[in-house]
Amino acid sequence: GACVGVLGGGQLGRMLAVAASRLGLRCHIYEPGAMPPAGDVAHRVTTAPYDDTEALTAFAESVDVITYEFENIPTRALDLLETLRPVRPGRRALAVSQDRLTEKAFLAGLGLNVAPYAAVDDAVDLAEALDEIGVPAILKTRRLGYDGKGQVRLSSSAEAEAALAAMNDAPAILEGHIDFSHEVSVIAARALDGQVACFDPGENEHKGGILATTTVPARLSAAQRTDAVLLAGRILNALNYVGVLGVELFVTPGGLIVNEIAPRVHNSGHWTQNGCVIDQFEQHIRAVAGWPLGDGARHANVTMENLIGDDIERVPVLAADPANALHLYGKTEARAGRKMGHVNRITGPAGG
Ligand code: ATP
Ligand code: MG
Ligand code: MG
């Protein structure tokens, strides 16, 4: 049988492996860390670092196609893997989304609205950027940030020095603060033949920089909903994308502003597991394996809640409510801020 290779063995890799398995495909996970959440469910796991050419080669040769659950794959590893098997989504999607500066320029180049931004490498750049953009603003590392890590908010230019120090000499980007009413995201998919399908946008609530809940339907007008879906399609087509993409948006009176994109299945798309016939994980596996996309129409209203750290202790109570669909990642150590699972609470039929 065909085998899908997945770089990264966290919860996203785990749920991709389950989806692959349901389609009769095998799944081989490549993960540098020991005992990854995906290890329990994948058909095969390679535990090796991304600079181990021998392990990478053996991994690639054992699979038919390679995909990934995180966007920060080292360039050298990709260079090698690409010569051996198709990597989907492709190089361009990774290059664009690994660096917030490249990402903003790409999105602006498509004619989409983004926050005002400027590259910041030193104190002179930051002073100029603050002059141009003003405060409040957010200084973010260009690479490797997630869950709000590597970000500092500035409410006055007096905070410039401390903010820059927090970047630890890493290249950064200053973004103007967007006064949004709420945040939504679109999870979209594109097949090998260019077919595009979008899930209904979800409304996201963050706590402490980490996604706390996603609710469908999102509060959006019909025009905003159409805008969101069309702009996601534009991004997919521009990248000649294959797979599932997450697009985070700010809703403002002046229209939708694109915050960032993620070239993979996305935490804000977990509601699809219980709100759609075909969820984002199956949609992604179908796309990268060269299958047609499935029906992602939403049949239920859902609130997805992340179970973070100690939240895992609520599982017995959550499990007692029949409206809750639990998805637990099999992680043993409940550290603060660690995503341990999520619960999809069905709040009614779609449109009900
Ligand atoms: P993720 O875990 O989603 O990858 P991240 O660390 O890449 O997060 P962002 O999505 O850029 O970070 O920012 C985290 C949150 O901070 C956003 O969801 C939003 O609430 C807020 N935020 C980020 N940029 C801005 C901005 N320019 N204006 C207002 N709020 C912002
Ligand atoms: Mg991000
Ligand atoms: Mg984000």
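Tutor: Welcome! Two residues are in contact if their C-beta atoms, placed from the backbone, lie within 7 Å. Helices (H or I, at least four residues) and strands (E, at least two) are DSSP runs, numbered from the N terminus. Residues are numbered from 1 along each chain as its sequence is written, while chains are lettered from A and ligands numbered from 1 in the order in which they are written. This is a predicted model: local features need pLDDT of at least 70, side-chain atom pairs count only at pLDDT 80 or more, and totals for chains, interfaces and linings use all residues.

Student: What pLDDT does the protein chain average?
Tutor: This score is the predictor's confidence in each residue, from 0 to 100. For the protein chain, 100% of the residues score at least 70, and the average pLDDT is 97.

Student: Which residues of H4 meet H5?
Tutor: On the H5 side, the contact is made by Thr102, Glu103 and Phe106. The residues of the contact divide into 3 nonpolar, 2 polar and 1 charged (Ala, Val, Leu, Ile, Met, Phe, Trp, Tyr, Cys and Pro count as nonpolar, Asp, Glu, Lys and Arg as charged, the others, Gly among them, as polar). On the H4 side, the residues are Ala95, Val96 and Ser97.

Student: At what angle do the axes of H4 and H5 cross?
Tutor: The two axes, lines fitted to C-alpha atoms over the stretch in contact (angles from 0 to 180 degrees between N-to-C directions), come within 5 Å of each other. They cross at roughly 110°.

Student: Why do the buried residues of H4 line one face of the helix?
Tutor: Helix H4 spans residues 91-98, and its buried residues are Ala93, Leu94, Val96 and Ser97 (buried: 20 or more other C-beta atoms within 10 Å of a residue's own; exposed: 12 or fewer; partly exposed: in between; C-beta atoms placed from the backbone). They line one face because, seen down the axis of H4, they fall within an arc of 165°.

Student: Which glycine just after H10 has a positive phi?
Tutor: Look at the stretch that follows H10. A positive phi of about 85° is taken there by glycine 290.

Student: What is the distance between the C-alpha atoms of arginine 298 and phenylalanine 199?
Tutor: Arginine 298 sits in the loop between helix H10 (280-288) and strand S15 (300-308), and it counts as partly exposed because it has 19 C-beta neighbours inside 10 Å. Beyond its neighbours within four places in sequence, its contacts include Phe199, Asp200 and Val216. Although arginine 298 and phenylalanine 199 are 99 residues apart along the chain, their C-alpha atoms are separated by 7.3 Å.

Student: Is leucine 144 buried or exposed?
Tutor: Leucine 144 lies in the loop between S6 and strand S7 (151-154), and its phi is near 70°, a positive value in a residue other than glycine. With 12 C-beta neighbours inside 10 Å, leucine 144 counts as exposed.

How values were computed: Arc of directions from axis to C-beta.
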